[in-house]
Amino acid sequence: MLTRIARASTRRPLTVIALWLLFLLLGFGLGTGVFGRLSDSVPDVPGTESDHAAEYLDGIDPAGESITAVIAGTAVSDTALRAQVEAAVTDLRDIADVAAVPDPYTTEGLLAKDGQALVVPVTLKGGLDDDAEEKVLDAASDRIHEIRAPDVHVSGGPLLGQQLGERAQEDVARAEIISLPVVLVLLLVIFGGFRAAGLPLVVAVSGVAGAFLALFGFSQFTDISVYAIQVTTMLGLGLAVDYALLMVVRFREERRNTDDVVEAVHRTVAGAGRTVLFSGLTVAVSLTGLLVFPSVFLRSMGFAVAAVVVIDMLAALTLLPALLARFGGKIAPARTEPAGEEGRVFARLARFAIGRPVIVTATSVLALLVLALPITGMKINIGDAQQLPSNTEARRLDDTVGAHFPPGTGVSEITVVLKPGTDTTTAGRIKALAPGTESRDLPGGTTVLSMRPSGSADGRAATDLVQRVREVRGDEPVQVTGVAARLVDFRAMLGDRAPWAAVTVLAGIFLLLFAFTGSVLIPLRTILTTLLSLGAALGVVVWVFQDGHGASVLGSQELGGLSLTAPPLIIAIAFGLAMDYELFILARMREAWLQSGDAQDAVVTGLRRSGRVVTCAALLLAVVFGAFMTGGFAPILQIGLGLTLAVLIDATLVRMLLVPATMALLGRRAWWAPDRLRRAHDRFGLHEEALPATPELTEQH
């Protein structure tokens, strides 16, 4: 199959390049339309109680969502300022689709006791479509910003989603500006020439275009989270560089053995292309675990990121061979190293681990377990504006309110829906759970209670209050919604579905690794070592962001928990990336094993010939992820740090020491499979073409 793909790409390289160029134009043209279709409704889970209650209210409540303005920095009693605010309130009430705007000077709780700030809530009408909502938001925001005061900030509700989308676009642009030149410089150092260094960047840019186009396509059918842009772009860019690096390095090696450029391309695809194919499939399978969850956010992320991975894989298997066939003749072959010199450092590491397999395995596992310890206390939160950089409007509004108003001001309320037929005694017991509970009646006999918890909207007090309401209601027709209720339901959903997601992913990875290696023990060893490196990376993220150790260095602070987006995405993506490097190494080990039959020498030779590629790929991927951590948005910082650590830990400690040590412990048994499975692999597995031993490999044996 891969040979046919290679021949098709090299037979008409200009046609293939032209098709990919058209795809790139679509991605950066049509695909960028996704920035205007992003959603911040991450915790919504269809079918949960909080979701049903929210839909019920949408259908009967004449009032819709609201935004909040804060005016501060001067005495709010100033006559001129009061005149401006009152005029703005009058104008806001006259805007079509605005339901209510209270006068902050006559409404209790909207004036700060220090007299230096006031809050203006603006409630929209319910049932607005996207265009009408965007129009009223723009009109209200523009009118509020006309008030002349030192601090005027507007955010909250649907406006927050718009602001996050704009921030996402800025962060992606900044990350690309930072990462692409650095990646190019590193590729120049690796390859020593512009042509070879430029090819991975061409594939990387195609991956970014593919990310935009895939997200835009999915946005036509489902909500796309504001987090999706950064995550898919960083992964698309990083994997594209990884795959292209592997292919170009292999192409230069093959050029040492043949002067025929097209033949070198075919041999490259037959060898390294198989690794890219299985790597893309394993990363995609790792992301299928997200599809098990009913969360729209997790499912959309799973589909979108998997689509980007497949696009990167296809670019590496079609666009890159076409480029190599057309321009590869001007790329210098890899230098011929003296016998025993190529990959000398990695060979020494392998021999060190093989010579002390028990000590290296025990020490490595212990170190990874220590790093993973903070996971035992991990908490997940929806988070608030404090997760945003300090220069964003939503964060400024939150900081201003926090500086001038009592704790809890502006915290999202817990909404309790008392449907017709609710017993009055039960309703009274629910009201008594929180002091200051407000009540309003809706058409049809429904009553809505607004309960303001102490602390943050997703803190322990808020989630405990949700649980108490649900306990007190008994069998009455009472439902709870709001931020805290959604978090409770989201956590329950994760707990219920996580085991199924794990089984789905691990079974898929096991089957793919068996198809790749023909062994049943190597997949088991790979899964266990990968889980260790993943646990270590996630443990450090918890230690930094939840506990606050060094968070300020990254532009964040102690948050008391991780964003609910971070753990599932870090686990799914990092697991796939770890498989990426494992396959890079296993491919070379398998080649050596098939040629020599010496299990120990196959480990040394595999690391000798793949160690440099894995190290360079990990460094380039770390640069890409690091660039996305410059935006200061806490969820992306958490995901970026988690993936960076996962890549670096996996490419160093795990793949360079733990893998050869565990392979030495297994010996020849590492490549074992029962006879029936062996025959099935021989018959149905995707095999690389038999490649003759290279002179370098022969000398090293």
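Me: Let's start with Asp97. How covered is it, buried, exposed or partly exposed?
Reply: Asp97 is partly exposed, because its relative accessible area is 24%, and buried would need under 20%. Keep in mind that this is a predicted model.

Me: Okay, and where is Asp97 in the chain?
Reply: Asp97 belongs to the loop between α4 (79–94) and β3 (98–100).

Me: New topic: rings. How many aromatic pairs does the structure hold?
Reply: Four aromatic pairs. One of them is Phe278 with Phe516: the ring centres are 5.0 Å apart and the planes sit at 65 degrees, so that pair is edge-to-face.

Me: Where do Phe278 and Phe516 sit in the chain?
Reply: They come from distant parts of the chain, 238 residues apart. Phe278 is in helix α9 (residues 261–288), while Phe516 is in helix α16 (residues 483–517).

Me: And are Phe278 and Phe516 buried or exposed?
Reply: Both Phe278 and Phe516 are buried.

Me: What kind of pair do Trp593 and Trp671 form?
Reply: A stacked one, with 5.7 Å from centre to centre and 10 degrees between the planes. This pair links distant parts of the chain too: Trp593 is in helix α18 (residues 566–596), and Trp671 is in the loop between α20 (634–666) and α21 (675–684).

Me: What sits over the ring of Tyr56?
Reply: The charged end of Lys419, 4.5 Å from the centre of that ring.

Me: Switching to the surface. Which residues make the nonpolar patch?
Reply: Leu22, Leu26 and Leu30 make a nonpolar surface patch of about 270 Å².

Me: Tell me about Leu30. Where is it?
Reply: Leu30 is in the loop between α2 (13–29) and β1 (38–39). With 47% relative accessibility, Leu30 counts as partly exposed, because exposed would take over 50%.

Me: Which residue stands opposite Asp151?
Reply: That's Ala72, with Asp151 being in β5.

Me: How many residues of β5 are buried?
Reply: Four of the five residues in strand β5 (residues 151–155) are buried, so this strand is mostly covered.

Methods. Residues numbered from 1 in each chain as written. Predicted model: local features only at pLDDT ≥ 70, side-chain atom pairs only at ≥ 80, totals over all residues. Heavy atoms only, no water. Phe/Tyr/Trp six-rings, centres within 6.5 Å; stacked < 30°, edge-to-face > 60°. Helix = DSSP H or I, 4+ residues; strand = E, 2+ residues; numbered from the N terminus. Buried < 20%, exposed > 50% of the residue type's maximum accessible area, 1.4 Å probe, protein only. Lys NZ or Arg CZ within 6 Å of the ring centre and 35° of its normal. Patch = residues over 30% accessible without salt bridge, like charges linked within 9 Å, V, L, I, M, F, W, Y side chains within 5 Å. Areas by Shrake-Rupley, 256 points an atom, 1.4 Å probe, with all protein chains shown as cover. Salt bridge = Lys/Arg side-chain N within 4 Å of Asp/Glu carboxyl O. Pairing = 2+ DSSP bridges.
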